[in-house]
Amino acid sequence: MTKKRKHQEDFQKVKLKVGKKKPKLENATDTTFKTKAIQIPEQLKEDGMLPTQNRKLNIKDLLSQMHHYSPGVKHNALLGLKDLLSQYPFVIDAHLSNIISEVAAVFTDKDSGVRGAAVHLLQFLASKIRAEQIAPFFPLVSAHLSSAMTHISEGIQEDSLKVLDVLLEAYPALLTDRSSILLKNFVELISHQQLSKRLKSREKLSWMLSVNPNRRVTSQQWRLNVLTRLKKFLQAVVDGSSEIEDEGLQEQKDGPHSVRNPICISWKVHANNQQHIQLFENGGLRPKINSTFRLRSLASVMDSAEKGLSSAENLKGFIEIIIPLLIECWIEASPAQSAPILGNLLESESQQLMQQVLSIIHLLWKLTKRHDETYKMELWLRMNYLVDFKHHFMRHFPYSLQETVKHKKKDSCKGNKYCMTSSNSVDHLLLNLTLCDIMVSLASTSTLQMDSGWLDMIRKFVTDTLQDGSKLNSKQVNRLLGVTWRLMQIQQNKVATEPLIKAVYTLYQQRNLLFPVRTLLLKFFSRVYQKEDLRTQRIRSRSKVLSRWLAGLPQQLALLGLRNPELSNQLIDIIHSAASRSNKELLQSLQATAARIYDPLDGTLVLLPAEAQRRLVQLVYFLPCLPASLLACLSRCCIMGRMSSELAATLIGILHMR
């Protein structure tokens, strides 16, 4: 067999016949299969149970869209989240962790519309989520906020202040726990470190105000925005500290002479050992524990660098950084820089910036008072900043506000589009009062001779403001009385204190005063009287104005009647306190007004509630004499049933003792 024939036999073709099936190949694959349907009802039902918004998207769909590259998709997802969560609030608790993390992540988004929608959604969530719920996730929110505040983009920095506003309003305590990081961010928003060669050898870094021409607002307006938030943040720190007392009259420390809280003692019950009296708990004073122990923060265990402003060392360091920057802001907004001809007249924007500067310094001063070594802190503040404050702050004191008025028609200001007119409002008063509060805190009795110049300026301003204070509100009066009290403590002779008391009395005599203002004035006079009564030489130092005020209290009580029961109770307490001290002027006035107070028809006794009636009955014991006409009035009050039988028995017991 030849090779050609053998090759043909190996590759021989198979001939197919018509009508017969094609034979299967040896390596053919069997493709036949059978199918059956598989149903998982629970798995199909899961997404159907999740609520959806109007675009048929549930919470998982919306959160997944937050990672989309398109700003429009992320913006719509944020709007959809707000719509969904407003319709189904229970979804917030189930997906709180994912919602917080996704919303916080877009604080630094490049698109301004996405950031704006995130702020609106955060504001909505803040009204729905309690502080206890968001506390575990707040470190993440704070980290994204710090990243936004220190971002290179000006728009992201501006929107970070809006986020800060929402968090300060809803969660101030959680935010102030991370003060060490946020305070540095505030400083970096308005300044930068000096990197000159001559400063490299210094241990402490120096900061200077920065100017960014790329911002949409002016440098002064940007600093005003930042300082406004810094003031709110420091106010939250002060409010969160239980050791710092309220400003005004309650701010000054008086030691054992502060006003006590009265306690009602029933001698019958006490004699039977049924009433236990806690002297110190009802004394109005809190025990001072000389200890450096502080409770651990709920957020984390803090080391010395994380204590924030609760550490005296950190507080001093922040004051050394921020005060020079605040003084630079003050110099830029001061009248000497804006318009030298105007003197101490301020424009509205400059006045707002200067007010924020003083408010921040005032809050920092209050924070220094919570440390045990208060005197050393005050001495340190005086040594470092009194000279600068006198030179810059007191240079144009007192300040007044200017309004820019545009005239459409021709008038006396011909040729000028704008005419500066003095404002009649009292908006500028808060600026002057804050400055007074800061300056008087740096003065003391030992430095009176050195500080007499600027103290006289403050004393004159306070006196003039009190004498013409018909339009003052309670906050302004509280600050005024706080400065007045401090001035009286610095210089305690009668020549200096009598004009101040007279100015306060002038305000007190005005009619139609608001109830909070009247209450503050009563507390001030009561405090001054108690302070004066505790002096050794009481007769020589007795204030005539104070005696006149005390003598008028019974008549005011008789005229007030039932118009303001709360104010009547305050008057009764002060009268009772002075009567127990045998004040001659008050007892004479009380004797003269007793017939009107105890009148059985329309007297104060029969008009006031039972508790006030009991206090008025007790005043009978202190009356110098009990004439027959007064006894007849008291008898008719008992007979006519204008007082309870128990109170009538108390009255009979008092008369029996007399």
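## Charges over rings

In this predicted model, the charged end of Lys316 sits over the ring of Trp380. The distance to the ring centre is 5.2 Å.

## A cluster of rings

Trp380 also belongs to a cluster linked by ring pairs.

The structure holds 17 aromatic pairs. One of them is formed by Phe397 and Phe461. Their centres are 5.2 Å apart, and 65° separates the planes. The pair is edge-to-face, because an angle over 60 degrees counts as such.

Where do Phe397 and Phe461 lie? Phe397 is in the loop between helix H18 (374-392) and strand E4 (400-406). Phe461 is in helix H20, which covers residues 452-467. The pair therefore ties together parts that are 64 residues apart in sequence. Are these two residues buried or exposed? Both Phe397 and Phe461 are buried.

## A pair of sequence neighbours

Tyr621 and Phe622 also form a pair. Their ring centres lie 5.4 Å apart. Their planes stand at 85°, so this pair is edge-to-face.

How accessible are the two residues? Tyr621 has 40% relative accessibility, so it counts as partly exposed. Phe622 has a relative accessible area of 22% and is partly exposed. Buried would mean under 20%, so Phe622 does not count as buried.

Key
Residues numbered from 1 in each chain as written. Predicted model: local features only at pLDDT ≥ 70, side-chain atom pairs only at ≥ 80, totals over all residues. Heavy atoms only, no water. Phe/Tyr/Trp six-rings, centres within 6.5 Å; stacked < 30°, edge-to-face > 60°. Helix = DSSP H or I, 4+ residues; strand = E, 2+ residues; numbered from the N terminus. Buried < 20%, exposed > 50% of the residue type's maximum accessible area, 1.4 Å probe, protein only. Lys NZ or Arg CZ within 6 Å of the ring centre and 35° of its normal.
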